Amino acid sequence: MLKYEFVSGCVGNVNTPFTDDEKNTACIVVTTIEHLYLLLGVSLPNERFVIKKFPKGSMPPRFCLARNNPSALANFICIAMDKLSYWCQAIFQLGHEMTHAAIHYNSPSNTDSTSWIEETICEAMALFFLNVFSINWDKIELSKSNPKYAPHIKSYLKDELSKVGSGKLSLCHNYDELKQIDADSQIYREQRENEMHELYKLLNADNVRGLLLYRWYLQSDPLLLNTAKYRKAFPHNAAVSYLCDLQDSIFSKETSEAD
Ligand SMILES: [Zn+2]
């Protein structure tokens, strides 16, 4: 298990410390996610890990490596919330960022995120965790203070799933377009929204692990997967197949146009 520390992020002169209540909420959410990951065959190491809280809108939530932040004593997650009492949003943000962490700790050590793939996976996993929390609410410690909260999580999930994207990723038909979608993946999430929902619908307890291991199947150009190798390693994994189909369809369009 990761050893969590909860600290205040500082923007300008504004500090946003965790209250004891918020620490408790964040701790329950991240340890529940870590426990769920373990059940899915994905483990996290026994090392120090920091969760920093920033005011809403001050910065995008993110996962950061200590190696890229010389002043950091450990890898850390930044969340952007004024209060953690909005549990749906806490599960949503922490589900996404903990997935970046889970991918990092289970990938070759010298690799980085390939954004068009990894953001899509983390967004889909955030929805997956909302669903799991809502279904198993009575088993989650937060239910003691609000046993009737599950319908709020369900409706938050429904709202997320009702958002319609532009389908840009599916319509993409060459390398340069994919490169642009990758560069924009944290700014224009709607370019991958529909595809992310499709991926979410395919997720189950048996296929999440294969999906999180995608970095093992990147080509020397890390924008691209070696889809043949990846498919072969996970032959019955619908989530992995969907990701490979997305990429392969881009290049089949490119080839047919060249014909
Ligand atoms: Zn992300």
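Tutor: The model is predicted: local features need pLDDT of at least 70, side-chain atom pairs count only at pLDDT 80 or more, and totals for chains, interfaces and linings use all residues. Residues are numbered from 1 along each chain as its sequence is written.

Student: In what order do the four strands of the open sheet lie?

Tutor: Strands (E, at least two residues) and helices (H or I, at least four) are DSSP runs, numbered from the N terminus. Two strands pair if DSSP finds at least two bridges between them. The edge strands, β1 (3-8) and β5 (62-64), each pair on one side only. The pairing in the sheet is mixed, and the order is β1-β4-β6-β5.

Student: Which strands does helix α1 touch?

Tutor: Contact requires C-beta atoms, placed from the backbone, to lie within 7 Å. Angles run from 0 to 180 degrees between N-to-C directions, with axes fitted to C-alpha atoms, for helices over the stretch in contact. Helix α1 (residues 20-39) makes about 145 degrees with the direction of β1. The strands that α1 touches are β1 and β4 (48-54).

Student: Why is α2 called oblique to α3?

Tutor: Angles under 35 degrees count as roughly parallel, over 145 as roughly antiparallel, 65 to 115 as roughly perpendicular and the rest as oblique. The axes of α2 (residues 87-105) and α3 (residues 115-135) come within 8 Å and cross at roughly 130 degrees. That angle therefore makes the arrangement of α2 and α3 oblique.

Student: How many nonpolar residues are in the contact of α2 with α3?

Tutor: From α2, the residues include F92 and I103, and from α3 they include M125 and F133. Ala, Val, Leu, Ile, Met, Phe, Trp, Tyr, Cys and Pro count as nonpolar, Asp, Glu, Lys and Arg as charged, and the others, Gly among them, as polar. Besides four polar and two charged residues, the contact holds a nonpolar group of 10.

Student: Is Y105 buried, exposed or partly exposed?

Tutor: Y105 is found in helix α2 and, leaving aside neighbours within four places in sequence, is in contact with L44 and P45. A residue is buried if 20 or more other C-beta atoms lie within 10 Å of its own, exposed if 12 or fewer, and partly exposed in between. Because Y105 has 18 C-beta neighbours inside 10 Å, the residue counts as partly exposed.

Key. Two residues are in contact if their C-beta atoms, placed from the backbone, lie within 7 Å.
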